Amino acid sequence: MIDIENLSKSYGSRTLWSDVTFTVARGEMLALVGPSGSGKSTLLNCLGLLDKPSAGVIRHEDKDITRFSRREIRGFRRDVLGYLFQNYALIENATVAENLKVAVKPRRPLPDQPGKTIAEALNRVGLGGRENETIHYLSGGEQQRVALARLMVKRPALVLADEPTGALDDANASTVVDILREMSESGCAVVIATHSASVREQCDRVFALGESERDPSHKPQRLTVPLSTT
Ligand SMILES: Nc1ncnc2c1ncn2[C@@H]1O[C@H](COP(=O)(O)OP(=O)(O)O)[C@@H](O)[C@H]1O
Ligand SMILES: [Mg+2]
């Protein structure tokens, strides 16, 4: 589905990551992990053509997408890509249904897997019958589930999720991961940038950015609270 080869990203003299090489196949869910600032979002943005790598190749169906023209970029976004962000990326003052209607269906949908209807997708995320509510009044967990329902309607071949559970309680977080898993099982390739050990454990493979594994000084410092002596 997506092949990344020797990808590097630098800002000036600072190299964020280099020689990143991995493949994500249809039906596979890959966790992208690493400390804050290690470049997880930047790598997702390169896959989503919102940013450009400094070197290397990203291949989709044997084409280097980093060399796409503007027209090809538009087509890739419309026909292949789905994004799930931590901050939901919904239209705040529109209704649930209006937010789902903007999911532009791919011109070349996956052959055996049509997208769900709006009602089916809302039922699956536990928001059946809530079509006419305004996004603004929904809780964070509900908004993320609307964003997921929108992905289910679009049914992209490649899903990029940037800390999709970062702002959610455990119940909402596991709904999100379960649905991403269903999407991968129905043939999507899914890449999830995450801090969460439980999300990572539910993925098929893990790619680690940054030095957290090698350099123990990257572990977060724990504040020690002095014991009261009174
Ligand atoms: N346009 C830019 N110019 C310089 N540095 C940038 C730019 N965009 C991002 N960065 C840096 O890249 C680093 C990685 O950011 P990010 O991809 O958001 O990491 P993560 O998602 O893992 O927390 C940050 O330290 C950020 O300051
Ligand atoms: Mg990030």
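Which residues of the largest nonpolar core touch the most other members? Keep that in mind while you load the model, which is a predicted one.

**Whole chain**

Start with everything shown as cartoon. The protein has 7 helices and 9 strands. Colour by burial next. Of the 230 residues, 34% are buried.

**The core**

Select Val-159, Leu-180, Val-190 and Ile-192. These four answer the opening question: they touch the most other members of the largest nonpolar core, which has 55 residues. Helix α5 gives the largest share of this core, 7 residues. In general, nonpolar side chains in soluble globular proteins tend to be buried together.

Centre on Ile-192. Leave aside residues up to four places away in sequence. Ile-192 then touches Met-29, Ala-31, Leu-32, Ala-161, Pro-164, Leu-180, Val-199 and Cys-203.

**The parallel sheet**

Select β6, β7, β8, β3 and β9. They form an open sheet of 5 strands, in the order β6-β7-β8-β3-β9, with parallel pairing. Which strands stand at the edges? They are β6 (81–85) and β9 (205–208). Each has a single partner strand, so one side of each is left without a neighbour in the sheet. Neighbouring strands are turned by 20 degrees against each other on average, direction ignored.

Zoom in on β7 (residues 158–162) and β8 (residues 189–193). They run parallel and are joined by 5 bridges. To find one position in this sheet, pick Asp-162, which stands opposite Ala-193 in β8.

α1 lies across β3 (29–33), β7 and β8. Against β8, α1 runs at about 155 degrees.

**The antiparallel sheet**

Hide those strands but keep α1. Select β2, β1, β4 and β5. These 4 strands form an open sheet in the order β2-β1-β4-β5, and the pairing is antiparallel. The edge strands are β2 (14–24) and β5 (63–64), each pairing on one side only.

α1 packs on this sheet as well, touching β1, β2 and β4. Its direction makes about 125 degrees with that of β1.

Go through the pairs:

- β1 and β2 pair in the antiparallel sense over 7 bridges. Ile-2 has Val-24 in β2 as its bridge partner.
- β1 (residues 2–11) and β4 (residues 55–60) run antiparallel and are joined by 5 bridges. Ile-4 is partnered by Ile-58 in β4, and Glu-5 by Val-57 in β4.

While side chains are shown, recall that in a regular strand they alternate between the two faces of the sheet.

Move to Asp-19 in strand β2. Asp-19 is not a glycine, yet its phi is positive at about 50 degrees. It counts as exposed because 11 other C-beta atoms lie within 10 Å.

Then pick Asp-62, in the loop between β4 and β5. Its phi is near 65 degrees, again a positive value in a residue other than glycine. Asp-62 is exposed, with 6 other C-beta atoms within 10 Å.

**The ligand**

What surrounds ligand 1? The residues are Tyr-11, Leu-16, Gly-34, Ser-36, Gly-37, Ser-38, Gly-39, Lys-40, Ser-41 and Thr-42. Colour this shell by class: 2 residues are nonpolar, 7 polar and 1 charged. Helix α1 (residues 40–47) gives the largest share, 3 residues.

**Last stop: Thr-95**

Select Thr-95, in the loop between β6 and α3 (96–101). Buried, exposed or partly exposed? Thr-95 counts as partly exposed because it has 17 C-beta neighbours inside 10 Å.

Thr-95 and Glu-133 are 38 residues apart in sequence and 5.2 Å apart in space. Not counting residues up to four places away in sequence, Thr-95 touches Glu-131, Asn-132, Glu-133 and Thr-134.

Definitions and conventions
Residues are numbered from 1 along each chain as its sequence is written. Chains are lettered from A and ligands numbered from 1 in the order in which they are written. This is a predicted model: local features need pLDDT of at least 70, side-chain atom pairs count only at pLDDT 80 or more; totals for chains, interfaces and linings use all residues. A residue is near a molecule or strand if its C-beta atom, placed from the backbone, lies within 6 Å of it. Helices (H or I, at least four residues) and strands (E, at least two) are DSSP runs, numbered from the N terminus. Ala, Val, Leu, Ile, Met, Phe, Trp, Tyr, Cys and Pro count as nonpolar, Asp, Glu, Lys and Arg as charged, and the others, Gly among them, as polar. A residue is buried if 20 or more other C-beta atoms lie within 10 Å of its own, exposed if 12 or fewer, and partly exposed in between; C-beta atoms are placed from the backbone. Two strands pair if DSSP finds at least two bridges between them. Axes are lines fitted to C-alpha atoms, for helices over the stretch in contact, and angles run from 0 to 180 degrees between N-to-C directions. Two residues are in contact if their C-beta atoms, placed from the backbone, lie within 7 Å. A nonpolar core is a set of buried Ala, Val, Leu, Ile, Met, Phe, Trp, Tyr and Cys residues joined through C-beta atoms within 7 Å.
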